[in-house]
Amino acid sequence: MRCHLCLELSWQPLCKKCLSTVLEPTPAKRVLESGLKVYSFYQYAEIANLLHTKHTYIGAKIFAQLAKNSMLPFLKQFDFPKGAYGVPIDDHVRHGYAHSAVLAHTIKSIIKPLYGSLRAGNHQTYSGQKLAFRQSHKRNFISTCKEGMDIVLIDDIVTTGTTLQEAQKVLEKGGVNVLFALALADAKEN
Ligand SMILES: [Zn+2]
């Protein structure tokens, strides 16, 4: 196949050269209103075309490659409680592959994934919607995480942070300790 970015021949959808140059991660931290820390690795605009491949076979591979290139090295040198679990945001599969579950799977050597432990009761799409819409259309998350667990939230994109904060609230209500959140890309609207 050919690399999705440079079109050179490659064994994977993203070639090694692109991963180490244009896809070199730029880790950033954002603190949401609730106090939740979100670590992201790319600016949304930088990888928007790649993120649009999600829910496809190639998209799952691309997400795994991006997480391996960014989240994994970051977590390896990051200090957090042992035995923490990774909770993908609503890994309900709509069309093929659940993007957040792919990310959680890729970092499983460091954070044990709890698939399907946080499901949205409302599957409204948030893509392209403004803050007011997001805030008035809550996800109504249902958590099956156990009290006292240390967890890390995992999602592909953080935009307003509404979804992550709603997830945090539901989990904390159930006595779960939300350590921080990981997002592949930050799409903060300035
Ligand atoms: Zn390439």
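Modeller: Helices (H or I, at least four residues) and strands (E, at least two) are DSSP runs, numbered from the N terminus. By that reading, L153 lies in strand β7. This is a predicted model, in which local features need pLDDT of at least 70 and side-chain atom pairs count only at pLDDT 80 or more, while totals for chains, interfaces and linings use all residues. Residues are numbered from 1 along each chain as its sequence is written.

Colleague: Is L153 buried or exposed?

Modeller: A residue is buried if 20 or more other C-beta atoms lie within 10 Å of its own, exposed if 12 or fewer, and partly exposed in between, with C-beta atoms placed from the backbone. L153 has 26 other C-beta atoms within 10 Å and is therefore buried. L153 and L179, 26 residues apart in sequence, are 8.1 Å apart in space, C-alpha to C-alpha.

Colleague: How are α3 and α5 oriented to each other?

Modeller: Two packed helices are described by the angle between their axes and the distance between the axes. Axes are lines fitted to C-alpha atoms, for helices over the stretch in contact, and angles run from 0 to 180 degrees between N-to-C directions. Here the axes of α3 (residues 57-69) and α5 (residues 99-106) come within 9 Å and cross at roughly 40 degrees. Angles under 35 degrees count as roughly parallel, over 145 as roughly antiparallel, 65 to 115 as roughly perpendicular and the rest as oblique, so α3 and α5 are oblique to each other.

Colleague: Which residues does L103 contact beyond its sequence neighbours?

Modeller: Two residues are in contact if their C-beta atoms, placed from the backbone, lie within 7 Å. Leaving aside neighbours within four places in sequence, L103 contacts F63, A67, M71, P88, I154, D156 and L184.
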